[in-house]
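Here is a friendly note to read alongside the model. Keep the viewer open and look up each residue as it comes along.

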Amino acid sequence: MAPVTYEKVSKLFDGTAAVKDLDLEIGDGEFIVLVGPSGCGKSTALRMLAGLERTTEGRIMIGDRVVNNVAPQDRDVAMVFQSYALYPHMTVYNNLAFGLRNLKVPKQEIDARVRKAAEILDMGELIKRKPKQLSGGQRQRVALGRAIVREPKAFLMDEPLSNLDAKLRVQTRAEILKLQQRLGTTTIYVTHDQVEAMTMGDRIAVMRFGLLQQLGTPEELYTHPRNVFVAGFIGSPAMNLVPAPLVDGGGSNLIAGFRPEHMTLGDGSPDGLRFDAKVEVVEYLGNDQLAHLVKGETPLVALLPVECRLSMGDDATFTVPRDKLHLFDAETEQVVHGGG
Amino acid sequence: MATEARTERSIGSERVREALVGYAFVFLPLASFLIFFFYPLGYAFYISYFDWGPLGKIETLGLENYRDLADDELFHKALKNTLRYTAVVVPCQMALGLTLAVVVNQALRGRTFFRAAFYFPSLASSAAITAVALYILASDGLLNALIGTDKAWFAESGTALESIMGLNIWTTSGTMMLFYLAALQAIPTDVYEAAAIDGAKSWRTFWRITFPLLKPGHFFVGVVSVIGSLQVFDQAFIVSGGGGGPNYSTMTVVLYLYNQAINDVRFGYAAAVGVILFALIFTLTVVQRLVFGRMEAA
């Protein structure tokens, strides 16, 4: 286990910046998630830490050691790839043991560590199989096993759940969290899925166009997004972001943001923002319903209790408490007034 | 019930129609394959049972040609030379091809040039290369001038076949490189990245990751190389002037077949040599398939 630090790290590919001036301090044993859309630089940032890409500028430290010029094999990190990258010609046992053999760990210890990892991940019966004989979920577990068996300073995970179906993804998400808490290993986890980021990370680093947009706990990001991008990216369904005058929220140089779950049907609190909108579609979710609305030509989404009777084509009044309103500068897209 | 039966019938006729369309697409290549490959093969089997001259069948011999081959010392010599040639050339071709492929697969400056340069000998005519080699390996040739000897490499029985081996290993290395390069590029990059993070240094990565993952490439290159080596002819023909000399040291099975058919006009006997060579190639290919199949399963 060790802390990890990015200091003013940049990466250029043929003059195009994939990561720009990234500053990030990851605490010992912390689970941090790098999240953002495709091409935001999150995977590049992770690959630079792994040593699979060279940094163009800045320095990366694992513990007290600057690792910019250290080969991947000497960084003492373990990585779980999106494709799992298992060795197809080796059995599960040999996939797990390969890294330890490279480190010249005694045979008996290799055996003990491989069997322990297999037990932790409940894959004892798979040990003699080859990757092609395993399901997607089982391969994913082998990839995790290969990482934990090494007992590295940090786990690097590059979208490890992307190839799993929705049900297995939720299950494996919990397994990874339990595993990380049990082992206490510093973990840097890359995903484009904000739900994964919110549910897994101690802290989340939101990236876009190679720039770190905001770093904080899931709650901080949710309640105090620093800019329009973070506000729209974090949270599902996404925050409504509309010109402020449309909902009487402020001047024309502002963007008003409010979350679908903070909208109520009817007049609501007297000091709240009140506006009319037309119901376009209602999605029934069981406990709640998701109402897709339109005000003028601007689409809005409201998450309402199922008891609210709404039908397609209804004109209705909605209220948003003022303390839940976020205001952003329309030009800089930075927050000028945060929600509660 | 009647409707179900009708539906089954219509599905059946649809399948037949689809199959016929498929056969129509492959008809021409299949026909040329049958005419130019299977027919001569069958015909070779057929005439090997006869004493067959330029005007056709002379006498029915049954297995006589095969029995004669069993006692034919020159054929034994040709077979021995061919097998020795194959045993040396195949591993060397594979090793050199793999080495070159690994080199030109690196992110080297000018690798396109090296790929073209290494492949170039494979493009040149083997007859032309052999003709040039005759000068280079002559007693007053370039090689002797470089190493300070006066050996006539192609004219001494102790070195003639070995010289052809060397020549062929060099000329075919580009083709083998190309096959291996395709196989190397089929290995996913992330497996190498995983190995690097797993602490494997380059030598260990090569032997533990690259080499085993090239198994389909090894099989293909091995089969192509074995077949090519067992059929060695042109270099031996040019070097020895067709006689397989000196002292039959460059007599190969195909050269012997050629001499029997063209010089001695014994088509039946030559066909029997061809059948034996076919059986040898077929057996070795099946053995290779079994060995690689077993390695795959292991």
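The numbered points below go through a few parts of this structure one by one.

1. Before anything else, please remember that this is a predicted model. Every value in this note was computed from that model.

2. Let us begin with a sheet in chain A. Six strands make up this open sheet, and their order is β6-β7-β8-β3-β9-β10, with mixed pairing. The edges are β6 (77-80) and β10 (211-216) of chain A, each of which pairs on one side only. On average, neighbouring strands of the sheet are turned by 15 degrees against each other, direction ignored.

3. Now zoom in on two strands of that sheet. Strand β7 (residues 154-158) of chain A pairs with strand β8 (residues 186-191) of chain A in the parallel sense, over five bridges. To find your place, look for A:Phe155, which stands opposite A:Thr187 in β8(A). Helix α4 (residues 136-148) of chain A packs on the sheet, where it touches β6 and β7 of chain A. The direction of α4 makes about 175 degrees with that of β6(A).

4. Which residues touch the most other members of the largest nonpolar core? This core has 98 residues, and the answer is A:Leu34, A:Leu49, A:Val77, A:Met79, A:Leu156, A:Ile188 and A:Val206. Take A:Leu34 as an example: leaving aside its neighbours within four places in sequence, its contacts include A:Lys42, A:Ala45, A:Ile188 and A:Met207. There is also a second, separate core of 53 residues, and B:Leu137, B:Leu161, B:Ala236 and B:Tyr248 are included in it.

5. Next comes a strand with a partner on either side of the pairing list. β12(A) pairs with strand β11 (residues 240-243) of chain A in the antiparallel sense over four bridges, and A:Asn240 stands opposite A:Phe258 in β12(A). Strand β18 (residues 326-329) of chain A also pairs with β12(A) in the antiparallel sense, over four bridges. There, A:Gly257 has A:His326 as its bridge partner in β18(A). Why is strand β12 (residues 254-258) of chain A described as largely enclosed by the rest of the structure? Because four of its five residues are buried.

6. Just after α5(A), A:Gly184 takes a positive phi of about 65 degrees.

7. Turn to chain B and look at B:Ala160, which lies in helix α7 (residues 160-185) of chain B. Is B:Ala160 buried or exposed? B:Ala160 has 25 other C-beta atoms within 10 Å, and the cut-off for a buried residue is 20 or more, so B:Ala160 is buried. Leaving aside neighbours within four places in sequence, B:Ala160 is in contact with B:Phe154, B:Ala155, B:Val239, B:Pro246, B:Ser249 and B:Thr250.

8. Finally, see where the chains meet. 14 residues of chain B are in contact with 16 residues of chain A. On the chain B side, α8 (189-197) and α9 (202-213) each supply at least two residues, and the largest share, six residues, comes from α8(B). By class, this side of chain B has eight nonpolar, one polar and five charged residues.

Technical notes:
Residues are numbered from 1 along each chain as its sequence is written. Chains are lettered from A and ligands numbered from 1 in the order in which they are written. This is a predicted model: local features need pLDDT of at least 70, side-chain atom pairs count only at pLDDT 80 or more; totals for chains, interfaces and linings use all residues. A residue is buried if 20 or more other C-beta atoms lie within 10 Å of its own, exposed if 12 or fewer, and partly exposed in between; C-beta atoms are placed from the backbone. Two strands pair if DSSP finds at least two bridges between them. Two residues are in contact if their C-beta atoms, placed from the backbone, lie within 7 Å. Ala, Val, Leu, Ile, Met, Phe, Trp, Tyr, Cys and Pro count as nonpolar, Asp, Glu, Lys and Arg as charged, and the others, Gly among them, as polar. A nonpolar core is a set of buried Ala, Val, Leu, Ile, Met, Phe, Trp, Tyr and Cys residues joined through C-beta atoms within 7 Å. Axes are lines fitted to C-alpha atoms, for helices over the stretch in contact, and angles run from 0 to 180 degrees between N-to-C directions.
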